[in-house]
Amino acid sequence: MTDWVIRPETPEDFPAIRTVQVAAFNEDRVADGVDRIRESWIYRPATSLVAVSDGDVVGHVMITGCTVTSETGEREVAMLTPLGVLPGHQRRGIGSALVRAALAGAAQAGEPFVVLEGSPVYYGPLGFVASRDHGIEMQLPDWAPPEAGQVHLLPAYDPADATLRGKIAYPPVYG
Ligand SMILES: CC(C)(COP(=O)(O)OP(=O)(O)OC[C@H]1O[C@@H](n2cnc3c(N)ncnc32)[C@H](O)[C@@H]1OP(=O)(O)O)[C@@H](O)C(=O)NCCC(=O)NCCS
């Protein structure tokens, strides 16, 4: 049964979001990154969403800005990171629902695609495919397999648009 709602985050949610991300990732690093994102040009409040169950924030996702550098120059595109669900609320469909809602927001904003680094096992069923198959090169950590670079194409995507092929740069807030 779905007993949660998804809505954009507000400043009142920030402490609870921190609790969720620290618990989900079992460290502070991601939550610290979220704080830095909110201070940066990459922050997009409309696609920074919380899942609320019984009045409590139990999940959080962000689609932020990032850049792709093609042969013709640099342009801003969208990246999904981070996604976290409070451990006691995992495997209830909340993570998938957050991803779908954030993707819908990005599509509505006219984004051509959303990239991310993550497991194809989790993101594949949500419509993500290998980014390299579309000429999109993700900067991945040494330990990550190439298929960890993924993209979800949206209705505004034009395969003939060369500005959408190239290297994705992680914004400096990620360190
Ligand atoms: C990854 C995460 C966000 C998933 O959230 P969730 O609400 O549990 O996900 P869902 O309930 O929507 O799961 C949908 C499907 O994904 C798969 N899945 C979810 N968590 C999984 C896990 N830990 N291992 C393997 N498969 C998993 C399952 O197939 C699941 O379907 P099922 O419940 O019918 O088996 C959550 O486990 C989390 O916060 N993890 C720690 C932080 C993290 O790794 N974030 C992602 C970084 S890219």
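Which pocket is the space taken by the ligand? In this predicted model, the space that the ligand takes is the largest pocket, and the volume of this pocket is about 1,300 Å³. The elements that contribute two or more residues to the shell around the ligand are α1 (14-25), β4 (73-85), α3 (94-108) and α4 (120-123).

The lining of the largest pocket comprises 42 residues, among which F25, T81, L83, E117 and Y123 lie nearest the centre of the pocket. At least two lining residues are supplied by each of α1, α2 (29-38), β4, α3, β5 (113-117) and α4, and β4 gives the most, with seven residues. When the lining is divided by class, 24 of its residues are nonpolar, twelve are polar and six are charged.

Around the ligand itself there are 15 residues, of which V85, R91, G93, G95 and S96 come nearest. The shell that these residues form divides into seven nonpolar, five polar and three charged members. Of the 880 Å² of accessible area that the ligand has on its own, the protein covers 60%.

How values were computed:
Residues numbered from 1 in each chain as written. Predicted model: local features only at pLDDT ≥ 70, side-chain atom pairs only at ≥ 80, totals over all residues. Heavy atoms only, no water. Near = heavy atom within 4 Å. Areas by Shrake-Rupley, 256 points an atom, 1.4 Å probe, with all protein chains shown as cover. 1 Å grid on protein atoms, 1.4 Å probe; cavity = no way out; pocket = protein on both sides within 12 Å on 5 of 7 lines; lining within 4 Å. Sits in = over half its atoms within 2 Å of the grid points. Helix = DSSP H or I, 4+ residues; strand = E, 2+ residues; numbered from the N terminus. Nonpolar A, V, L, I, M, F, W, Y, C, P; charged D, E, K, R; others polar. Points joined across faces, edges and corners; volume = space filled by probe spheres on them.
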